[in-house]
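This report describes a ligand site and selected strand pairings. Please consult the sequence and structure shown below while reading.

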Amino acid sequence: MTIAVAMKVNGKAVSGQVEARTLLVQFLRENLRLTGTHVGCDTSQCGACVVHINGKAVKSCTTLAAQADGTEVTTIEGLARDGKLHPMQEAFREHHALQCGFCTPGMVMSAIDMLRRIPRPDEATIRHELEGNICRCTGYHNIVKAIQAAAKVMGG
Amino acid sequence: MYNFNYHRAGSVDEAVALMAKASDGRFLAGGHSLLPTMKQRLAQPTDLIDIGRIAALNGVKTESNAVVVGAATPHAEVNASAKAIPALMALAAKIGDPHVRHRGTIGGSIANSDPAADYPAALVGLGATVKTNKRTIAADDFFKGLFETALSDGEMVVSVSFPKPEAAAYMKFPQPASRFALVGVFVARTSGGVRVAVTGAGPSVFRVKAMEDALKAKFTPDAIKGITVPAKGLNSDIHGSAEYRAHLVNVMARRAVAAAA
Ligand SMILES: Cc1cc2nc3c(=O)[nH]c(=O)nc-3n(C[C@H](O)[C@H](O)[C@H](O)COP(=O)(O)OP(=O)(O)OC[C@H]3O[C@@H](n4cnc5c(N)ncnc54)[C@H](O)[C@@H]3O)c2cc1C
Ligand code: FES
Ligand code: FES
């Protein structure tokens, strides 16, 4: 069975005809060519695929495109404004919060969601909140620093 | 994942009717148990009936003596809204990670009846009632075994009603990679007595009567110090032996009593 899906991605209306089994991450990467959202595990563990649906962080490898029909989706590509990085992206850059960068889109999307819920998290809270995001390079240290720095800039 | 027919239901009645027409249908709530299972081809339903947007299944209602949670309410919403039962709020906050909590639902969790899931401990620990499209089922009668419940084919969980306890707490020893419960113990003191419900340790949630009796006489961690559960029949895997889990049941139970008292 194929179905029609329509949603807003990064503020733009998009639509497509997809197989029912199409995952949101496949729709984003393969149909829309938004390849910033990564697939690290495809088993719901790593968080590389995190995007926002109606403002909330979700794993797009564990969400059907059909389940996102009619929603507003934000991916890493939708964060920068007028050529200027989002404060969270800027903080990751400034604090060297990435090495290979594979986990980074998911980390940034998760970190923004974290600050939405908890504007000024302490270090322990940040580490706990990152349970759904795996990084094999950085040891998390600079990711935590970047999120703390972004929390200050974002005025929580 | 094999392909399937996708339907989005607008109401409970519509979902039940769609299910009746499907040759091998499944309800789809958050999809955070079902989709991973389908990816592994451990389930191959012909039809998925999406119940995630049925308004009547969404939300937490506080009544004078109970908290009623709609079946399609995500864990994050229970964590934010079940204020009348702090132990339930805290349990929801410990499920998986933030992203899982945005999508996973209470109805999906209990219908799935994973031996290491957290909600079964809250349902049995608080003596909750499960409302389906057909009937109400006491939590004690709902969980039947490993991935098995009292639900019949095509029966849908509509809501879960948790009576407010006098005091309650849930203590979980998480499996560090998945955060599922290696052992989780929910202890509640209610007007009707004390309930101790254990998840993660056995094939399905179970109560520990000896602890309940001892705690009824005296609600302190010391009251159950010497009360152990037999290791025989408990889960044993690379994360922990049956003996280890049996030991953890007592440790987590005492911690839960300390937190509730
Ligand atoms: C990385 C990860 C970590 C997790 N960690 C934990 C954890 O620590 N503790 C824990 O308890 N769980 C954990 N989970 C499981 C999570 O809570 C699931 O979301 C939940 O078990 C299933 O809910 P769902 O809404 O996603 O259900 P779905 O996956 O949509 O459905 C699961 C099953 O229930 C059926 N179903 C759904 N809703 C209904 C209904 N209303 N009536 C009848 N049948 C229904 C479906 O047909 C299906 O068979 C984790 C999951 C992931 C991916
Ligand atoms: S790719 Fe989605 S959680 Fe790893
Ligand atoms: S920077 Fe390489 S996985 Fe995180």
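From which domains of chain B does the shell around ligand 1 draw at least three residues each? These are domain 1 (1–53) and domain 2 (167–260) of chain B, with domain bounds from an automatic or database domain assignment.

## Basis of the model

This is a predicted model, in which local features need pLDDT of at least 70, side-chain atom pairs count only at pLDDT 80 or more, and totals for chains, interfaces and linings use all residues. Residues are numbered from 1 along each chain as its sequence is written, chains are lettered from A and ligands numbered from 1 in the order in which they are written, and side-chain values use heavy atoms, leaving out hydrogens and water.

## The shell around ligand 1

Ligand 1 is surrounded by 32 residues, a residue being near if one of its heavy atoms lies within 4 Å. The closest are B:Phe27, B:Gly31, B:His32, B:Leu34 and B:Thr105. Because the surrounding residues come from chains A and B, the site is shared between chains.

By class, the shell holds 13 nonpolar, 13 polar and six charged residues. Here Ala, Val, Leu, Ile, Met, Phe, Trp, Tyr, Cys and Pro count as nonpolar, Asp, Glu, Lys and Arg as charged, and the others, Gly among them, as polar. Strand 2 (25–28) and helix 6 (106–112) of chain B each supply at least two shell residues; helix 6 of chain B gives the most, with four. Helices (H or I, at least four residues) and strands (E, at least two) are DSSP runs, numbered from the N terminus.

## Polar contacts and burial

Polar contacts are pairs of N or O atoms within 3.5 Å. A backbone N or O atom of B:Phe27 lies 2.6 Å from a ligand 1 oxygen atom, and a polar backbone atom of B:His32 lies 2.7 Å from an oxygen atom of ligand 1. From the side chain of B:His75, an N or O atom is 2.8 Å from an oxygen atom of the ligand. Taken alone, ligand 1 exposes 970 Å², of which the protein buries 95%; areas come from the Shrake-Rupley method with a 1.4 Å probe.

## Strand pairings

In chain B, strand 11 (residues 167–174) and strand 12 (residues 181–190) run antiparallel and are joined by eight bridges; two strands pair if DSSP finds at least two bridges between them. B:Lys172 has B:Gly184 as its bridge partner. Six residues lie between the strands of this hairpin, where B:Arg179 takes a positive phi near 70°.

In chain A, strand 1 (residues 2–9) pairs with strand 2 in the antiparallel sense over eight bridges, and A:Val5 has A:Gly16 as its bridge partner.

Conventions:
Polar contact = N/O pair within 3.5 Å; in protein donor to acceptor, adjacent residues only side chain to side chain.
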